[in-house]
2 protein chains.
Amino acid sequence: MAIQKPSIPKGTRDFSPVEMARRNYLFDTIKSVFRRYGFQPLETPSMENLSTLLGKYGEEGDKLLFKVLNSGNFLKGIEPEEVQAAVESDNPSVLGTKICEKGLRYDLTVPFARYVVQHQNELVFPFKRYQIQPVWRADRPQKGRYREFYQCDVDVVGTKSLLNEVELIQIVQDVFAALKIRVTLKINNRKILYGISETIGHADKMMEITMAIDKLDKIGIDAVNEELAERGLGAEAIAKLRPILELTGDNRAKLAKITEAIAMHSPTGAKGIEEVTTILDYTEALGVTLPVELDLSLARGLNYYTGAIFEVKAMDFPMGSICGGGRYDDLTGIFGMPDTSGVGISFGADRIYDVLLGLDLFPAETTQSVRALFVNFGGGEELAALKLMAEVRKAGIAAEIYPETVKMKKQFDYAQKRGILYMVFVGESEVASQTATVKNIMTGEQTPVPFGEIPAFLEQ
Amino acid sequence: MAIQKPSIPKGTRDFSPVEMARRNYLFDTIKSVFRRYGFQPLETPSMENLSTLLGKYGEEGDKLLFKVLNSGNFLKGIEPEEVQAAVESDNPSVLGTKICEKGLRYDLTVPFARYVVQHQNELVFPFKRYQIQPVWRADRPQKGRYREFYQCDVDVVGTKSLLNEVELIQIVQDVFAALKIRVTLKINNRKILYGISETIGHADKMMEITMAIDKLDKIGIDAVNEELAERGLGAEAIAKLRPILELTGDNRAKLAKITEAIAMHSPTGAKGIEEVTTILDYTEALGVTLPVELDLSLARGLNYYTGAIFEVKAMDFPMGSICGGGRYDDLTGIFGMPDTSGVGISFGADRIYDVLLGLDLFPAETTQSVRALFVNFGGGEELAALKLMAEVRKAGIAAEIYPETVKMKKQFDYAQKRGILYMVFVGESEVASQTATVKNIMTGEQTPVPFGEIPAFLEQ
């Protein structure tokens with residue numbers, strides 16, 4: 001076979017040992033917070049039946065699903081005419097779903113909903129789970145956007161209690177405090193957005209209005225109003241909306257004003273206001289220090305949210321949302337289990353990674369995986385070194401011996417390039433005196449250390 | 001959309017919280033040993049270019065690759081005649097490789113070789129990595145055989161030193177000691193198998209002879225000899241082979257006999273004997289207590305092995321090999337990087353999981369993820385409970401509050417089903433006395449614990 005120049009598919013990545021060490025630090029930190037709050041790990045298969053995935057992410061999402069070709073004779077039972085039609089139509093997606101029954105996971109939410117419904121009789125509700133796994137999307141790859149990337153979701157289903165929203169806010173606070181990233185959390189409520197739409201006489205246009213509001217910061221009030229007119233809102237409705245869009249002040253001031261504007265006109269809106277108020281009351285009473293800001297322009301795209309919505313941004317680094325989520329009242333309905341409310345948030349692992357890297361917040365010890373290199377002198381000294389190293393490892397300290405008897409410079413270079421802190425010399429005189437020479441590569445300092453004390457010395 | 005009864009593709013699995021907790025215990029144990037020996041984590045993409053995978057696992061392996069359909073118009077540029085031919089031929093594999101450029105990872109070895117070659121200029125050699133990721137094979141699913149399963153590989157490349165083989169044996173010892181599984185390790189060497197073939201005049205038939213020897217235990221010497229004859233070995237060769245197949249005694253006795261039989265006839269065989277001897281010398285000198293047995297009938301299927309081969313079995317549970325590997329001298333050659341020797345072993349996660357489960361060796365605390373449930377009495381008591389719980393979590397203890405004010409029985413059932421050990425009651429009288437009642441669900445014992453002492457009490 002011809003020799004191939006190796007490469008990987010575009011939009012995918014290898015994670016080198018250094019990147020893995022950093023990612024493990026990130027995931028371990030997040031997981032340890034999740035666990036403290038009583039969330040348990042779950043994993044679902046990489047492949048789901050296409051029927052589970054199709055139609056759950058909109059038309060655009062369907063196109064971005066990676067399909068897995070049926071094994072064996074994938075054309076079996078397909079009529080030549082069907083293939084011909086697909087070739088000619090320039091749109092072979094119908095054929096695609098016939099020759100592929102499986103697809104790669106597109107997110108963690110739909111597989112989670114599928115899992116909950118499938119196992120509803122075994123699960124204890126409220127069911128609290130976290131899930132950290134890769135997902136795949138056939139998006140055009142670009143900077144910061146990959147075709148394989150990790151999602152990191154935490155959800156609770158089977159309870160409408162707002163304590164869960166409060167707990168998610170505490171989790172956000174704890175995760176980013178542990179990572180030393182300063183963040184702000186924006187909160188809104190889909191019921192308020194519905195209430196606004198209802199108040200201005202356009203309950204049917206909630207998504208359009210929400211999307212226009214979403215652009216306020218970028219394009220200004222006049223452009224937003226133009227867009228609303230284009231989307232079919234009359235002058236009166238637009239005039240009614242204006243004071244709501246221009247709400248300012250702290251959370252309590254905004255709540256008072258929005259109550260005045262919509263509570264009388266929309267029972268749903270009033271309910272949303274009450275929910276936000278309750279959540280803010282709890283976070284204050286519990287001394288949550290994370291800045292929580294009510295932002296009526298926060299919309300979040302996903303259609304399945306029905307209550308609170310959240311979004312988190314880093315304060316000291318320019319980056320989009322690094323964490324977001326909300327409450328959904330009927331995610332499991334499509335799989336035949338109605339009336340199961342849930343709430344969850346998703347941490348954007350790749351973006352948080354970039355923030356940590358950009359702000360130089362990865363602890364130095366994260367990537368120092370090996371503590372000591374035992375120099376290989378060969379002969380009887382090698383065996384003495386191997387025995388000492390076994391003791392060091394038994395003490396839980398990562399250590400290596402250079403596997404060949406090569407020049408000192410090569411062994412030193414290896415230790416340095418690997419980021420190993422200590423070199424341990426066990427040569428002839430060291431064996432005679434039962435005392436090794438331990439060199440700190442950073443400082444150059446050399447210390448004689450009796451054999452029995454080496455584990456303790458390296459642990460310092 | 002019609003409601004779907006949810007299911008997952010055959011041969012795939014969901015991992016429930018309890019299974020995840022057990023799997024994490026297994027993986028964490030293995031990883032901590034790998035790290036202590038200086039191995040570093042690596043991850044490669046789930047999808048590789050099909051050209052990277054095809055031809056690396058034999059014809060059968062090619063068929064078992066899961067192919068990923070090209071996104072967009074996958075039929076673009078395909079002539080209708082090609083499709084027609086594929087439909088008619090009953091073998092659409094050529095078409096498959098045209099409409100699919102990517103495939104799912106089949107093992108961790110080939111992607112590792114691809115990674116090493118692709119990044120050879122950045123890597124520090126010897127390069128020691130471990131990799132724990134799922135792989136996919138379109139095998140017929142059956143008990144214990146899945147289409148998605150985890151492999152758990154540890155390899156070092158860029159050194160021929162036998163110290164690496166010794167280290168892998170130590171790793172096997174440490175991993176299974178930590179897991180409390182008693183195991184035996186069988187060792188052989190491909191060079192000895194070649195030497196045997198060469199000695200009996202059939203160097204060209206090494207794989208056939210090896211495969212026949214492999215069956216000795218099952219079918220006996222006469223049937224093996226018949227099979228060898230069928231495969232083209234003459235009576236003289238078969239007669240020469242017999243005493244080698246009937247070797248008995250301890251490792252040293254076997255080495256002496258096999259030396260006598262082949263060392264003079266085969267320099268390669270002599271080299272293999274020397275390698276095994278060196279490895280055994282080191283393990284003895286280092287006090288390795290793991291039983292290591294030289295087994296000349298150990299063959300292992302993979303063609304790329306060129307030196308030592310290993311296989312590990314559990315002593316107290318009927319199960320095939322739970323761990324295996326060997327040395328390969330030219331795995332990276334196919335990707336354009338010759339003469340790079342490596343050695344590695346792979347731990348069979350699913351099988352080890354089954355052994356741990358079968359022998360009841362998962363520590364009980366593995367699945368006890370939440371320590372305490374705070375009972376929700378609602379009202380002002382709820383807030384007191386929430387504040388106390390925040391202190392408990394701050395101390396690193398996993399705790400929950402029942403999110404709704406429901407009947408005590410429901411909250412108790414929840415705690416019991418979740419396997420939570422303690423229930424913490426913070427009712428009216430407890431708030432008045434600033435002393436909670438803590439109930440141990442296992443024993444039923446109730447203890448009054450002052451608020452400030454709750455974290456310490458729960459940690460006991």
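Two strands count as paired if DSSP finds at least two bridges between them. Strands (E, at least two residues) and helices (H or I, at least four) are DSSP runs, numbered from the N terminus. The model is predicted, so local features need pLDDT of at least 70, side-chain atom pairs count only at pLDDT 80 or more, and totals for chains, interfaces and linings use all residues. Residues are numbered from 1 along each chain as its sequence is written, chains are lettered from A and ligands numbered from 1 in the order in which they are written, and side-chain values use heavy atoms, leaving out hydrogens and water.

**Exercise 1.** Find the residues that stand opposite B:V156 of β6(B).

*Solution.* Start with β5(B), which pairs with β6(B) in the antiparallel sense over 10 bridges. There, B:K128 stands opposite B:V156. Next, turn to β11(B), joined to β6(B) by seven bridges and also antiparallel. In β11(B), the bridge partner of B:V156 is B:V343.

**Exercise 2.** Decide whether β6(B) is enclosed or open to solvent, using buried residues (under 20% relative accessible area; exposed is over 50%, partly exposed in between; 1.4 Å probe, protein chains only).

*Solution.* First sort the side chains: B:E148, B:Y150, B:C152, B:V154 and B:V156 point one way, while B:F149, B:Q151, B:D153, B:D155 and B:V157 point the other way, and all are buried. Then count: 10 of the 10 residues are buried, so β6(B) is largely enclosed by the rest of the structure.

**Exercise 3.** Work out how chain A and chain B are related.

*Solution.* Superpose by least squares on the C-alpha atoms of residues with pLDDT of at least 70 in both copies. A rotation of 180 degrees with 0.0 Å of shift along its axis brings chain A onto chain B (RMSD 0.1 Å). The two copies are thus related as by a two-fold rotation axis. Of chain A's residues, A:V68 comes closest to that axis, at 2.3 Å (C-alpha).
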